Amino acid sequence: MGGFHTKKDDSIGGGWTDDGTDVRLTSTTDEVGIGTLTPDTQLEVSKDSADAEVTISCYHDTEATTPKLTFRKADGSEASPALVDDDAVLGTISFQGHDGSGFEQGAKIEARVLGTPSDGSDMPT
């Protein structure tokens, strides 16, 4: 099952919206699947009989330029983000295996705030 698919909430009239320079999902309940017709999350990459791989590439003649994966966390909302709390989980990478009836987590990497953050550029790690 290859290709690029979206799963949309038809009650909201989902799908794609082209804003000129940006193309985005129309509804926040829409999901994108690459290699699957039925994505389980906002973005799912799936491949049968092979490794499912996501590549982030960067080409530049300086050591300061890198491929980057960013996890962002804030209290509040997207429109009005607020300071995170001490011990807030900033991101998790979950490693899962199928146990015969479903996928279960076997290991994870979790990043938490250690200390009390303050406004500005201070984020304890």
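The model is predicted. In this model, the largest pocket holds about 340 Å³ of space.

**Largest pocket**
- One stretch of the lining consists of Thr 41, Gln 42, Leu 43, Glu 44 and Val 45.
- Ala 52, Glu 53 and Val 54 also line the largest pocket.
- Glu 78 is part of the lining too.

**Second largest pocket**
- The volume of the second largest pocket is about 240 Å³.
- Its lining includes Asp 40, Thr 41, Leu 43, Glu 44 and Val 45.
- Ser 46, Lys 47, Ala 52 and Phe 103 line the second largest pocket as well.
- Strand 5 (residues 43-45) gives the largest share of this lining, with three residues.
- By class, the lining of the second largest pocket has four nonpolar, two polar and three charged residues.

**Strands 8 and 9**
- Strand 8 covers residues 89-98, and strand 9 covers residues 103-112.
- These two strands pair in the antiparallel sense, over nine bridges.
- Strand 8 and strand 9 form a hairpin, with four residues between them.
- Gly 100 sits in the turn and has a positive phi of about 105°.

How values were computed
Residues are numbered from 1 along each chain as its sequence is written. This is a predicted model: local features need pLDDT of at least 70, side-chain atom pairs count only at pLDDT 80 or more; totals for chains, interfaces and linings use all residues. Side-chain values use heavy atoms; hydrogens and water are left out. On a 1 Å grid over the protein atoms alone, a cavity is a set of points where a 1.4 Å probe fits but cannot get out, and a pocket is an open set with protein on both sides within 12 Å along at least five of seven lines; lining residues have an atom within 4 Å of a point. Grid points are joined across faces, edges and corners, and a volume is the space filled by probe spheres set on the points. Ala, Val, Leu, Ile, Met, Phe, Trp, Tyr, Cys and Pro count as nonpolar, Asp, Glu, Lys and Arg as charged, and the others, Gly among them, as polar. Two strands pair if DSSP finds at least two bridges between them.
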